[in-house]
Structure formats: C-alpha cells, structure tokens
Amino acid sequence: MVSTNNIQSKSSASSGSVGEALRNRRRFRVLGLTMDDMIRVFFNGNAVVAVIVLALITIFLFREGAGFFGQNLRSLRIYRLAGLEYVDFLRNEVEQHTALNRELNATRLAQFQKLTAAGQTAAAANEALAPFDAFAGAFSDAAEDVRGVLSDLTDAASAIKQKDQINSDLAAQKSMLLKSDQADEAGKIQITPVDFAAETGVLKATLGAVHEANRSFGTKLQAALSAAPPVADRTTRAEVEKVKAKARALIESLPAIEQQMRDWKYDAPVPASRAVTSFLFGQTWLTASFWQDWYGIVPLFVPLGIFAAIYVSEIAGAREKSFIKPYIEFIAAIPSVVLGFFGIAVLGTSLRWVSQIPALKWVPGFPMSERLNALTAGCLLALIAIPTIFTLAEDALNNVPKHFKEASYALGANRFQTIIHILVPASLSGIISAVLLGFGRVIGETMVVLLCAGNRIAIPDFTQGLGAFFQPVHTMTGIIAQEMGEVVPGSIHYRALFMVGVVLFVLALGINYLAQRIVQRYRISIG
C-alpha cells in the first residue's frame, strides 16, 4: 500500500514537473514571441528567403536576357541589308573547298605515317608522295580566282556594315546628350542614312566576275581530279575517293550558288521569329567577329553509380563495404577544379596514349587527335555524379523492407533474381531520383568542362559514328564562364549569355518536373 502511494506521488510529481515545464515554455517570451512561435518563424523565414532568392534569380535572368531577341533581330536584318548574306553564298563555297583541302592534308599525313612505319626514311616517304603533293597543290590552287572575288566582296560589304554601325553609335551618343539636357550639342551630330539599295547594287554588279571565277574554279578543279595519282593503300584510296565525290558535287552546285546570288534581295523581310529560331536551332556560336556574330545554342548541348550501389548494398561483404563506400563518397569532397587538372594532366593524356595503340585502331575515332574532348570531360562528369547516385540509390535499396527479400528467397529465387525482380522495382522511384539528381549535379558543372572539353564551338561530326565522342566540344556553362567577363553590359553578346542561362534554368526545371512525374509513375507501396 505504501509503495503504491509512493509510485502515485512520484507520478503526480513527474506530471506536475512536465506540466510546469510546458507552462514555463509558454510563459517564456522574446519580443512577444513564445519559443514555439520563434521556431515557427525561423523555419518559415528560411522557406520565405529561399522563395525570394529563387524569384530574384528568375527575374534577373529573364530581365537581362529579354532584350536579346530584339537586338538579335536587328543584327540579322543588318546582315541582310548590308549584303553580308549575299557575300556568304560565295563564302560557303570557298569554305567547302577549304574543308576538302583539310581532308586531303589528313590523308597525306596518314600515308606519310604508314610509309615511315614501314621503315622508309622521311625523305624517301616525301619523295614517294610527290605525285600526291602535286595533286593536292593543284586542288588547293583551283579556288584562287574565287578567293580573290570573295576578298573584294568582303571588303565592300564590311564597309556598308561599318557605315551603319557608325550611324548607330552617333544615334546613341545623340540620345545620351538629349537625356542630359544638352540639346545644342546633340543638334551638332549629323547622321547620314545609309542608302542600302545603292550600296548593295554595287555588290550585285559583280555577278559577272563571280560567274567567270566559278567557271575557272570548276575547270581547274575538274582537271586536278582527273590528274589524281593512283593510291595503293585501300583505306587511303577510299578516303581520296570520298574527297573526289564531294569535289564533283561542289562543281555541280556552282550554278545553283550563282542563282541564289541573282535571286537575293537586300530588302527581303526578316521575320521576327528568325531571332528566336536562330538562337534555339542555330548551329554556330561566333562572337567578336569582324564579319557577323552568331548566337546559335545547338553547339553547346553530353549508370555506374547504380551498379556500385547494388553491389555495396546487396553483394559486398562487411569489409568490402567499409572500404568501397567511404572512398566513393570521398569523391564528392574533391574540388572540380582539381578534377579538371587531373583530366588535363593524366586522364586526357592517358586516353590519347591508349587510342594510339595499333591494336585499337579499329575503334571509331582512334587515334584521338585531341586529348581534351567530349570523352575526357564525360568521364570526369560521370565521376562527379557517382557519389550522388551511389549514396541515394543505396539508401533507396536499403529502405526496401527485409520481408520483401526474405519472401523472395523463400520462394526459391536466388540473389540475382531477387535484385532484378524485387529490390530494384521496389526502389525504382528512389533510383530514378538518384540518377536525375546526379544528372542535375553535372548539368551545371563548369570547371571540368571548361578545362577538359576542348572548347571548340562546333557541332561534332556525327557522320563518324562513335568517333564524335572523341572530338572537342563546348558547353553552355563553359561559354558563360569563358565570355561573361569580356562582354559589354547591355550588348547583344551580354544578353545572349543571359539567354543561355535562361535555357539552363528551364532545363533544370524540366528535369525536376520529369523526376516528379517518373517517381509518381513508378512508386509502389513498400509498407
């Protein structure tokens, strides 16, 4: 009876102390707020700050990038009005011929390397290739007349564009003077409009010279092709035949190029949609050019962690787990700039050395001409993504209830069948989230791609198949980091970089939306 009373008294005392603590907590106030209120305000405040920061970033990106399309449309219209578009018909013809010259030079180098590898001296190899050198020289010289006409047209069109640029600068200066109440000074600035009809008429008057240059070009090129020496090596002969076929196609296209130049009109309207499509689907990103700047985003667009997580979670022993898991997660602590240095000094050099092994010459893209390319950057980006994918995927696998696995074993399934048919489907939503978060980790990576991707602003040559992955590339994050410090605020280049940032922002939102939809689609109950 005494012990019961003691227990009841202790219980009452304990309840009283708890109640007293709760009352004291409610009585404790700072600036009129209880402890519960302060906790609520703290966490609500963090959420509000996050929303505000996201809103400010969004507003800033779209505000700075909004003026790009208007400026880009004006640039495209001047490109036509000044006759640069007209000249580029002939420039594209010359660039095609130049590309064929590069292919011939590469073929010549391959022949030289094969001859020296077979034991010939450099002098003997050059002597053996003398007929090919004569052919390549005649092939290159065939476009001499066209290049001369192109040079004259380039100077004339550049002068027209320069006149318009001077007028634009004077108009901007006059506007600034008017805003600062200096009307007298502004009145002294005289702007003479450019007569684009007369100026471009001078360009079109050269059609006769263009026709004669093209006729000479076609004749000389055909003569060079007819005098091409025989090539003994089958592979090299196939490459030379490809060049010949492209050259014949170029000769056949000359009348069509001249017809385009005849039909061209300086005052043909440039639709407003062109400013958007040239950015989203343009295949050239070229800035600070004496000729014409282009802002096409296409050249800037590149599951190990899952298998590692499955192995560590379900197959590896305790000692293996204690060794593998910390080392994989430690990768996340390595600064990306250090990984970039590693890519330059070690990985890129090693991959190129491997590509030069004679036994691997059958691999598309081997031997690699550049050690910094899409493959080098891709390997490092995969390494960066692995810790995120590994950790989240392992957690998802470990969260599958044990009775799922035990039931599978009880039905006679082996470990591999259990992993494939039970554990992975049950944790699929978590694994997909891990992959998308890993992708999100690398999509904004800057230092690795800036240091290791090669920074060549050109669409990879996908006609080489897998060899396209061994070519230098550039990325959206890399172009922003590389060029933002050099642009004039408010210029078309400045706003183009912000539009690239907007595209990255939209991609990130799209990936998150896709992740949510996939997770909802494949989530199953594991309770």
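Predicted model: local features only at pLDDT ≥ 70, side-chain atom pairs only at ≥ 80, totals over all residues.
In which helix is Ser-408 found? The answer is helix 17, which covers residues 402–410.

Ser-408 counts as buried because its relative accessibility is 6%, and buried means under 20%. Leaving aside residues up to four places away in sequence, Ser-408 touches Ala-413, Thr-418 and Ile-422.

## Nonpolar cores

The largest nonpolar core has 42 residues. Leu-90, Phe-139 and Phe-217 are those with the most contacts inside this core. At least two residues of the core come from each of the following: helix 3 (68–81), helix 4 (84–117), helix 6 (130–141), helix 7, helix 9, helix 10 (207–226) and helix 11 (234–263).

Phe-217 touches Glu-93, His-97, Ala-142, Ala-143, Val-146, Leu-250 and Leu-254, when residues up to four places away in sequence are not counted.

## Helix 7 with helix 9

Two packed helices are described by the angle between their axes and the distance between the axes. Helix 7 (residues 144–179) packs with helix 9 (residues 196–204) at an angle of about 170°, and their axes are 10 Å apart. Angles over 145 degrees count as roughly antiparallel, and helix 7 and helix 9 are therefore roughly antiparallel to each other. On the side of helix 7, the contact is made by Leu-153, Ala-156, Ala-157, Ile-160, Lys-163 and Asp-164. Helix 9 contributes Phe-196, Glu-199, Thr-200 and Leu-203. By class, this contact of helix 7 with helix 9 has six nonpolar, one polar and three charged residues.

Helix 7 also holds Gly-148. With a relative accessibility of 33%, Gly-148 counts as partly exposed. Gly-148 and Ala-213 are 65 residues apart in sequence, and their C-alpha atoms are 8.7 Å apart in space.

## Helix 4 with helix 10

The axes of helix 4 and helix 10 come within 13 Å and cross at roughly 10°. Angles under 35 degrees count as roughly parallel, so helix 4 and helix 10 are roughly parallel to each other. In helix 4, the residues Tyr-86, Leu-90, Glu-93 and His-97 meet Leu-207, Val-210, Asn-214, Phe-217 and Leu-221 of helix 10. The contact of helix 4 with helix 10 has, by class, six nonpolar, two polar and one charged residues. Two of the residues named here, Leu-90 and Phe-217, are also listed among those with the most contacts inside the largest nonpolar core.

## Helix 3 with helix 12

Helix 3 and helix 12 (residues 273–280) have axes that come within 8 Å and cross at roughly 100°. Angles of 65 to 115 degrees count as roughly perpendicular, and helix 3 and helix 12 are therefore roughly perpendicular to each other. From helix 3, Phe-68, Phe-69, Asn-72, Leu-73, Leu-76 and Arg-80 take part. They meet Arg-274, Ala-275, Val-276, Ser-278 and Phe-279 in helix 12. The residues of the contact of helix 3 with helix 12 divide into seven nonpolar, two polar and two charged.

## Salt bridges

A search of the whole structure finds 13 salt bridges. One of them joins Asp-164 and Arg-74, with the closest N and O atoms 3.2 Å apart. Asp-164 lies in helix 7 and Arg-74 in helix 3, so this pair ties together parts that are 90 residues apart in sequence. Asp-164, at 12% relative accessibility, counts as buried, whereas Arg-74, at 43%, counts as partly exposed. Asp-164 is also one of the residues through which helix 7 makes its contact with helix 9.

The side chains of Asp-233 and Lys-114 also meet in a salt bridge, at 2.8 Å from N to O. Asp-233 lies in the loop between helix 10 and helix 11 and Lys-114 in helix 4, so the pair ties together parts 119 residues apart in sequence. Asp-233 counts as partly exposed at 31% relative accessibility, and Lys-114 is partly exposed with a relative accessible area of 38%. A further salt bridge links Glu-185 with Lys-188, whose closest N and O atoms are 3.5 Å apart. Here Glu-185 is partly exposed, with a relative accessible area of 39%, while Lys-188 is exposed, with a relative accessible area of 59%.

Terms used:
Residues numbered from 1 in each chain as written. Heavy atoms only, no water. Axes fitted to C-alpha atoms, helices over the stretch in contact; angles between N-to-C directions. Helix = DSSP H or I, 4+ residues; strand = E, 2+ residues; numbered from the N terminus. Contact = heavy atoms within 4.5 Å. Nonpolar A, V, L, I, M, F, W, Y, C, P; charged D, E, K, R; others polar. Buried < 20%, exposed > 50% of the residue type's maximum accessible area, 1.4 Å probe, protein only. Core = buried A, V, L, I, M, F, W, Y, C linked by side-chain atoms within 4.5 Å. Salt bridge = Lys/Arg side-chain N within 4 Å of Asp/Glu carboxyl O.
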